[in-house]
Amino acid sequence: MLAISIFMQSVLAFDNHTFTRVEIPYTKNGCSFQGSPIDFCDERHLAEIKKAIATMKPNFNEHYILLPILERKKYFQKSIVLIDTVSGIVYPLPIDFYSGYANNKKGASNFGTIKYSLNKNTICIEGSIFVYRSEKDGVFCFYFNGTTFSGYRTTYMTND
């Protein structure tokens, strides 16, 4: 029994850095993009982030955890953050959330898909993305350089 307990602790214990802060390198309002309804520093988001740090191993770009966070289940909407397991800094993807394709006025009927890899710095979302009161359908690819995103440009990706 002791051997199983030690094994389980070693399986669940990762050398991830503890949470440090949320970093938004664009126009922001505290822990939100300017005009966004999502507060990445509220109790619920921080609990999700800290749980991922404690239980997940890197799954993106060698030492990051890509974490989708459920925002509105009824509408199949999730936000995405990248957690740097070396520094503990969290970088939200510059969108409010994504979902499956919004089918006309009915809205999405499923979650969108995201493609990413442990060995690459690319995140591609297929479905709908929502950014500052607007919605777009398609495939949207972002590249992460360690502090900022490039590729598909959103309204939030400005420093004005």
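Okay, housekeeping. It's a predicted model, so to speak plainly about cut-offs: local features need pLDDT of at least 70, side-chain atom pairs count only at pLDDT 80 or more, and totals for chains, interfaces and linings use all residues. Residues are numbered from 1 along each chain as its sequence is written, and side-chain values use heavy atoms, with hydrogens and water left out.

Let's start with the overall layout. The chain has two helices and 11 strands; those are DSSP runs numbered from the N terminus, with helices being H or I of at least four residues and strands being E of at least two. Reading from the N terminus, the order goes α-β-β-β-α-β-β-β-β-β-β-β-β. There are 160 residues, and 41% of them are buried, where buried means under 20% relative accessible area, exposed means over 50%, and partly exposed is in between, with a 1.4 Å probe and protein chains only. Take the contacts between residues at least 6 apart in sequence: 53% of them join residues at least 24 apart, with contact meaning heavy atoms within 4.5 Å.

Now the rings. The structure holds 11 aromatic pairs. The rule is that rings of Phe, Tyr and Trp (its six-membered ring) pair if their centres lie within 6.5 Å; planes under 30 degrees apart are stacked, over 60 edge-to-face, and the rest tilted.

Buried or exposed, Tyr64 and Phe144? Both are buried.

Phe144 also pairs with Tyr91: the centres are 5.2 Å apart, but the planes are at 55°, so that pair is tilted. Tyr91 sits in strand S6 (residues 89-92) and Phe144 in S10, so here the parts tied together are 53 residues apart. Tyr91 is buried, as is Phe144.

One more ring to look at: the charged end of Lys78 sits over the ring of Phe111, 4.5 Å from its centre. For that label, NZ of Lys or CZ of Arg has to be within 6 Å of the ring centre and within 35 degrees of the ring normal.

On to the sulfurs. How many disulfides does the structure hold? Two, taking a disulfide as a pair of cysteine sulfur atoms within 2.5 Å.

Cys31 and Cys41 form one of them, with sulfur atoms 1.9 Å apart. The torsion about their S-S bond is about -60°, so that disulfide is left-handed. Cys31 is in the loop between strand S2 (28-29) and strand S3 (32-33), while Cys41 is in the loop between S3 and helix H2 (43-55), 10 residues apart. Cys41 is partly exposed, at 27% relative accessibility.

Then there's Cys124 with Cys141, S to S 2.0 Å. That link has 110° about the S-S bond and is right-handed. Cys124 lies in strand S9 (residues 122-131) and Cys141 in strand S10, so the parts joined are 17 residues apart in sequence. Cys124 counts as buried at 16%, whereas Cys141 is partly exposed at 22%. Counting bonded cysteines along the chain, the pattern is 1-2, 3-4.

That's it from me.
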